[in-house]
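Dear colleague,

Please find the structure below. My notes on it follow.

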Amino acid sequence: MKSYKELPDDAGSNIIGQVTAQANRLSKRLSSVKHTIAVMSGKGGVGKSAITTNLATALTLKGYSVGIVDADINGPSIAKMMGVRNITLEYTKSGILPATSLLGTKIISMDLLLAEDDAPVMWNAQTQKDAFTWRTTMEVGALREFIGDTEWGDLDYLLLDLPPGSDRLPNVVELIPNLGGVVVVTIPSEVSHLIVKKSITMARDILKVPMIGVVENMAYYVCKHCGEPEPLFSPQNTPDHVFDEIRLGRIPFDPKLSLSNDSGTPYLSEYPDTPATKAITEIAHKIQNFFNT
Ligand SMILES: Nc1ncnc2c1ncn2[C@@H]1O[C@H](COP(=O)(O)OP(=O)(O)OP(=O)(O)O)[C@@H](O)[C@H]1O
Ligand SMILES: [Mg+2]
């Protein structure tokens with residue numbers, strides 16, 4: 001199949017002109033963003049969105065200006081986790097104003113554009129079968145518009161919460177060629193490690209994106225009776241040594257974190273002394289060091 005760049009005749013749609021104009025808008029917007037970070041995992045449900053929101057909050061609390069792009073177009077969860085689902089986006093001549101969380105993090109998400117809670121994202125095509133064929137192209141186009149049309153202002157950090165799958169990162173790199181780095185999320189199970197190693201190969205070895213590191217989420221839980229860390233997944237609870245060199249930290253499972261995500265309230269400021277808050281804050285600190293900020 002030919003890409004739009006190779007089309008000899010675009011039947012008057014000027015698709016190349018349109019895409020080029022969008023790409024130019026995107027790179028102009030990104031010129032006011034110091035560092036871009038993609039949060040990814042080959043595996044679904046490991047806590048990418050929870051980590052994105054909490055790292056963004058940790059960096060915001062440290063005084064940085066931070067934005068989040070919910071790059072999960074079909075399963076957006078950032079707006080809910082950041083407590084901005086009910087905000088109506090404002091449009092100005094220079095673009096869409098992102099939603100702003102209680103603490104000042106800026107957010108753009110497909111969720112803010114959907115009218116109903118249960119409305120799925122439907123791509124326009126003659127049939128849904130055609131739409132499926134073009135899905136990736138349309139998703140990349142939507143993401144290009146999302147980032148390019150949003151009035152971010154000056155940002156220190158822009159975090160992108162990716163949908164599951166290591167095949168999503170090449171799309172992001174096409175849009176943001178000088179992506180600052182990647183944070184890979186896993187849980188301590190062999191199944192997750194197996195898949196996540198593929199994500200690392202894709203990011204580091206194939207796409208040559210700077211690897212900030214791996215976060216082991218739900219690494220353990222703290223027993224409420226004895227206060228000791230207990231394994232949540234495999235009984236050995238052994239961290240995989242493959243990640244030793246690039247591990248950013250191990251975040252415990254904490255039901256309060258899940259509750260805060262569900263209610264859209266900032267876990268870090270509500271529970272400043274928990275092991276999970278300490279782990280997340282420490283990871284944010286390592287990110288600062290990575291970028292020398
Ligand atoms: N450390 C944690 N402690 C407690 N709950 C957590 C933790 N990390 C994530 N969760 C919860 O687990 C669920 C799944 O997390 P999340 O939605 O962030 O995963 P995801 O990797 O983004 O999923 P998807 O692949 O669907 O995008 C959410 O309800 C979230 O609040
Ligand atoms: Mg998610």
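An oxygen atom of ligand 1 is 3.0 Å from an N or O atom in the side chain of Asn 261, a polar contact (a pair of N or O atoms within 3.5 Å; within protein, one must be able to donate a hydrogen and the other to accept it, and residues adjacent in sequence count only if both atoms are side-chain atoms). The protein covers 80% of the 630 Å² of accessible area that ligand 1 has on its own (Shrake-Rupley method, 1.4 Å probe).

Please note that this is a predicted model, in which local features need pLDDT of at least 70, side-chain atom pairs count only at pLDDT 80 or more, and totals for chains, interfaces and linings use all residues. Residues are numbered from 1 along each chain as its sequence is written, chains are lettered from A and ligands numbered from 1 in the order in which they are written, and side-chain values use heavy atoms, without hydrogens and water.

A backbone N or O atom of Gly 45 lies 2.8 Å from an oxygen atom of ligand 1, and one of Pro 252 lies 3.0 Å from a nitrogen atom of ligand 1.

Asn 261 belongs to helix 8 (residues 255-263), where Leu 257, Ser 260 and Asn 261 are buried (under 20% relative accessible area, 1.4 Å probe, protein chains only); helices are DSSP runs of H or I, at least four residues, numbered from the N terminus. Seen down the helix axis, the buried residues fall within an arc of 100 degrees, so they line one face of helix 8; the arc is that of the directions from the axis to the C-beta atoms. On the other side, Pro 255 and Leu 259 are exposed (over 50%).

Kind regards

Key:
Helices (H or I, at least four residues) and strands (E, at least two) are DSSP runs, numbered from the N terminus.
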